[in-house]
Structures are given as C-alpha cells and as structure tokens.
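User: Could you walk me through this structure, starting with whatever term I need first?

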Amino acid sequence: MSALSVELLAAATPPPIADAGHTRLALAALAGIAVIVLLITRWKVHAFLALTIGSGVLGAVAGASLADTVTSFTTGLGSTVASVGTLIALGAILGKLLADSGGADQIVDTILARTSEKRLPWAMALIAGLIGLPLFFEVGIVLLIPVVLLVARRSGQSLIRIGIPALAGLSVMHGLVPPHPGPLAAIDAIHADLGTTLALGVLVALPTLAIAGPLFGRVASRWVDVTPPDRMTPARASDELERRPSFAGTVCTMLLPVVLMLSKALVDVIVDDKKSLVYRVFDVIGTPLIALLAAVVVAMFTLGRAAGFSKDRISATVDSSLMPIAGILLIVGAGGGFKQTLIDCGVGKMILDWSDGWHISALLLGWLIAVLIRVATGSATVAIISASGLVAPLAANMSSTHTALLVLAVGAGSLFFSHVNDAGFWLVKEYFGMDIPQTLKTWSAMETVISVVALGFVMLLSLVV
C-alpha cells in the first residue's frame with residue numbers, strides 16, 4: 001500500500017477517543033443513557049435530539065474532547081444512514097405501493113374468504129406477517145385496523161381474539177426481521193450477515209408469532225372483553241379504486257426481496273467457488289440494496305400499474321412515501337452516532353472485559369441491555385440501536401450464525417413490555433377502545449411474551465447452529 005493510500009485511510013478513519021478507567025466509562029455510559037431517557041420520557045424531546053445530546057454528555061463524562069466527540073458522532077451517523085437509510089427508504093416506497101394500490105386489501109380479502117371462523121386468529125397472524133414484511137409498525141396498524149374491527153364485528157368473535165394475532169404479526173416482524181429499521185441498524189452495528197440474520201429471524205419469528213398471537217390471544221380474550229369501536233374504522237385504500245392487483249402478484253412482489261436475500265445466503269453456503277458465475281450473480285442480486293430496489297421496480301408494475309395508476313400517480317405515491325420516514329432516518333442515524341461514540345470512548349471494550357468475569361451468555365446480556373433501554377425509553381428502535389452498540393464488541397470472535405443470533409436477541413429485548421411511554425401503547429389503546437389496565441393486560445403482555453419467547457428460541461438455536 002502506498003504512503004498516500006495510508007494517509008488517505010488514516011484521514012478517513014476517526015481517531016479513537018482516549019480510553020479512560022472502567023468506572024469512569026461506566027458512569028459515562030449511564031449518564032448518556034440517563035439523559036436520553038429523561039429527555040424522551042420527562043421532557044418529551046424528540047429521540048433524534050435526545051440521542052444527539054446524550055452522545056455529547058457521554059463523551060464529556062468519559063473525558064473526551066468536544067472535537068473528538070463530534071467526530072465520533074458524525075462518523076457514526078453518516079455510516080449508519082449510508083448503510084441503512086437507503087434500505088429504509090426503499091422499504092417505505094414498497095410499503096406505500098402495497099397500501100395505496102389495494103394490494104394489502106387483496107391479500108386480506110383473499111385469505112379471509114377462504115378461512116373458517118375457527119381459524120380466523122391464525123389467518124390474521126398470517127396476514128399481519130405478510131403485510132408486516134415491508135411496512136413500518138405504525139403504518140401496518142393503521143392499515144390492518146379496519147380489517148380487524150370488521151372481522152371481529154362480522155364473526156361475532158372477541159376483538160382481542162382477532163386483534164392480538166394481527167398486532168403480534170406486525171410486532172414480531174418489526175423487531176426480528178429485516179428490512180425493518182431496528183434489525184437493519186443492529187446488523188450494521190454488530191457486523192452480522194444480513195442473509196443469515198434474515199433466515200434465522202424468520203425461523204424464530206414463525207413459532208414466536210404462533211405463541212404470542214393466536215395462542216396468547218385466546219388467553220387474553222378471557223381477561224379483556226371489548227366491543228369494536230365504530231368511530232375508529234377508517235376507509236380502506238381500495239374502496240376508491242376501480243381495480244386492484246392480483247393476490248398472486250402481490251404476494252410474489254412482497255416476498256421477492258426476502259427470496260433474493262435468502263438465496264444469496266444459501267449460495268454462500270453451498271457454492272465453494274467464489275469466482276463462479278452463480279456465486280457472482282447471487283452475490284449481486286442478493287444484496288439488500290439490489291433486492292429491495294428490484295422489488296420496488298417490480299411493484300410499480302405488479303401493484304401500481306395493476307391498480308390502474310398512471311405514471312404521475314406512481315411518482316406521487318413514491319414522493320409521499322418518503323416524507324414520513326424523515327424522523328425515522330434521523331433517529332436511526334443519531335442512534336448510529338451514539339453507538340459510535342460508545343465504541344470510541346471504550347465502553348464496548350469495557351463491557352467485553354467485564355463480561356469475561358460475569359459468566360453470562362452474550363445473547364442474554366444483549367437481550368437484558370435492550371430490555372432496560374426499551375422499558376426506560378419506550379422506543380424499540382432506540383433500544384435496539386443503543387444495545388447493539390454496547391454489545392457489538394462481544395461479536396468479534398463469534399461465528400456468522402451466532403452474530404446473527406446476537407442481533408435477534410437484541411431485537412427481542414427491544415420489544416419487551418411496551419407501556420405508557422411508548423407511542424404504540426396509546427395507538428393500540430385508542431384503536432381498540434380500551435382503558436389503560438386493559439391495554440396492559442393485552443398489548444403490553446403480548447409484547448412481553450414475544451420478547452421472552454423469541455429469546456428462548458434464540459438460545460435454543462445457539463445450541464444447535
């Protein structure tokens with residue numbers, strides 16, 4: 001390597017913040033997280049600002065100069081947005097096309113038309129799982145609420161019995177399966193393989209959804225009995241459309257990025273010759289950026305054009321999909337900045353040193369840290385990003401499968417016990433017409449079941465892979 005290359009590499013790499021004593025680093029990490037928690041919960045400051053300020057407090061308490069702290073934060077923010085931001089944007093476009101074209105309604109209506117009343121909770125879990133792949137949690141709730149309320153009313157079944165499986169499907173996908181922002185950010189922070197994480201994430205998500213959805217919904221419906229509120233039933237997107245996409249075309253489009261990314265992971269395992277044509281082709285089409293971009297391009301035809309959208313209408317749909325994710329991108333980016341500040345301060349190395357004497361599984365440690373941050377801040381995204389930064393050094397000597405399992409453990413912890421400091425808590429409460437105790441018995445309990453059950457499956461997988 002030339003001297004010029006070395007100088008350029010050194011200039012592009014931020015200098016690590018000087019290491020401090022373990023006690024001081026522990027206090028710095030606690031101070032940074034405490035500031036973030038207080039700003040979000042007590043003073044209702046936006047998570048982007050809270051993470052930015054918390055990073056500054058972390059660096060100051062750790063004894064870093066302001067310049068070094070700013071460099072660490074901006075480097076982490078830039079690298080996170082560069083690696084994750086494009087994928088979030090493509091996912092948002094795909095989800096908006098699915099919703100506005102009536103494709104989501106087509107999936108719902110087709111599955112419900114072929115389902116007996118006894119199997120409705122399982123059908124709702126399947127619908128939520130399929131729709132939840134490309135959609136953000138809040139969008140998925142708004143999209144599925146009309147269906148949940150109508151199905152509960154027409155079938156005469158408990159709203160909780162029908163609604164919990166739908167909520168579980170969305171939540172499980174949100175916390176465990178990329179391309180959702182949280183898992184993507186964790187994959188980037190821990191340097192996990194996306195294809196492996198996706199494959200193991202689906203493997204964990206399916207039984208977790210079955211337990212926390214239809215099975216737990218049966219129990220929760222005995223605790224809480226509410227009537228579907230008429231005032232919370234919005235119009236469906238396809239009500240204003242003359243036609244909508246086919247069921248087969250919609251499902252294939254939604255599963256296309258998943259199939260491409262899983263195919264790459266499979267080829268990586270079974271093909272030894274890295275220079276072969278098959279390996280090189282799947283190495284390209286299976287990367288997250290290409291897989292999601294391909295799905296978006298295909299969706300413009302199979303969803304947009306199939307619904308009768310003009311070129312201008314498709315362009316307007318894409319434009320409208322990007323505006324609502326600005327806040328998510330900023331939060332994810334600031335989370336990456338906070339993560340990088342933690343690493344450069346030496347907090348990650350400190351946890352690595354301490355964990356050697358704790359005799360505790362790295363998977364369990366990652367889950368516990370995410371749980372604490374989730375319960376304190378109410379944000380699953382903040383929890384998964386912050387916890388990933390803290391436990392990232394633990395993955396240094398792990399295999400690719402165990403690194404992926406660490407991502408899933410942190411993701412599971414980020415879903416633990418949603419309560420009054422979580423926007424999702426109030427969204428579910430209002431849509432379902434419940435009071436706070438009823439929401440705690442249903443939604444909060446369901447989130448806890450997802451978190452604990454998912455961790456259990458992650459720990460089991462760690463014994464066999």
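Analyst: Let me start with a definition: a residue is called buried when its relative accessible area is under 20%, exposed when that value is over 50%, and partly exposed in between. By that scale Arg 244, with a relative accessible area of 27%, is partly exposed. Please keep in mind that this is a predicted model.

User: OK, and what does the side chain of Arg 244 meet in a salt bridge?

Analyst: The partner is Asp 109, and the N to O distance in this salt bridge is 2.7 Å. Asp 109 belongs to helix H5, while Arg 244 sits in the loop between H10 and helix H11 (247-270), so the pair ties together parts of the chain that are 135 residues apart in sequence. Asp 109 is partly exposed too, its relative accessible area being 25%.

User: Why would two side chains like that pair up?

Analyst: Side chains of opposite charge can pair when their charged atoms come close.

User: How many salt bridges are there by this rule?

Analyst: The count comes to six salt bridges. One of them joins Asp 422 and Arg 374, with 3.5 Å from N to O. This pair links distant parts of the chain, since Asp 422 is in the loop between helix H19 (400-413) and helix H20 (423-432) and Arg 374 is in helix H17 (residues 362-377), 48 residues apart.

User: Are those two buried or exposed?

Analyst: Both Asp 422 and Arg 374 are buried. Arg 374 also forms a salt bridge with Glu 447, where the closest N and O atoms are 3.1 Å apart. Glu 447 lies in helix H21 (residues 436-464) and Arg 374 in helix H17, so this pair ties together parts that are 73 residues apart in sequence. Glu 447 counts as buried because its relative accessibility is 2%, and Arg 374 counts as buried with a value of 2% as well.

User: Which residues do salt bridges with shared partners join into one network?

Analyst: That network is made of Lys 264, Asp 268 and Asp 283.

User: Switching topic, how many disulfides does the structure hold?

Analyst: It holds zero disulfides. As for individual cysteines, Cys 252 is exposed, with a relative accessible area of 54%, whereas Cys 345 counts as buried at 1% relative accessibility.

User: What about the surface, which residues form the positive patch?

Analyst: The positive surface patch is formed by Lys 118, Arg 119, Arg 218 and Arg 222. Of these, Arg 119 is found in the loop between helix H5 (103-113) and helix H6 (120-132), and Arg 119 is exposed because its relative accessible area is 59%.

User: And which residues make the nonpolar one?

Analyst: Val 284, Leu 289, Ile 290, Leu 293, Val 297 and Phe 301 make a nonpolar surface patch of about 510 Å². Helix H13 (residues 288-304) supplies the largest share of that patch, namely five residues. Leu 289 is in helix H13, and with a relative accessible area of 41% Leu 289 is partly exposed.

Methods. Residues numbered from 1 in each chain as written. Predicted model: local features only at pLDDT ≥ 70, side-chain atom pairs only at ≥ 80, totals over all residues. Heavy atoms only, no water. Patch = residues over 30% accessible without salt bridge, like charges linked within 9 Å, V, L, I, M, F, W, Y side chains within 5 Å. Areas by Shrake-Rupley, 256 points an atom, 1.4 Å probe, with all protein chains shown as cover. Salt bridge = Lys/Arg side-chain N within 4 Å of Asp/Glu carboxyl O. Lys, Arg positive; Asp, Glu negative; His and termini not counted. Charge placed at Lys NZ, Arg CZ, Asp CG, Glu CD. Helix = DSSP H or I, 4+ residues; strand = E, 2+ residues; numbered from the N terminus. Buried < 20%, exposed > 50% of the residue type's maximum accessible area, 1.4 Å probe, protein only. Disulfide = S-S within 2.5 Å.
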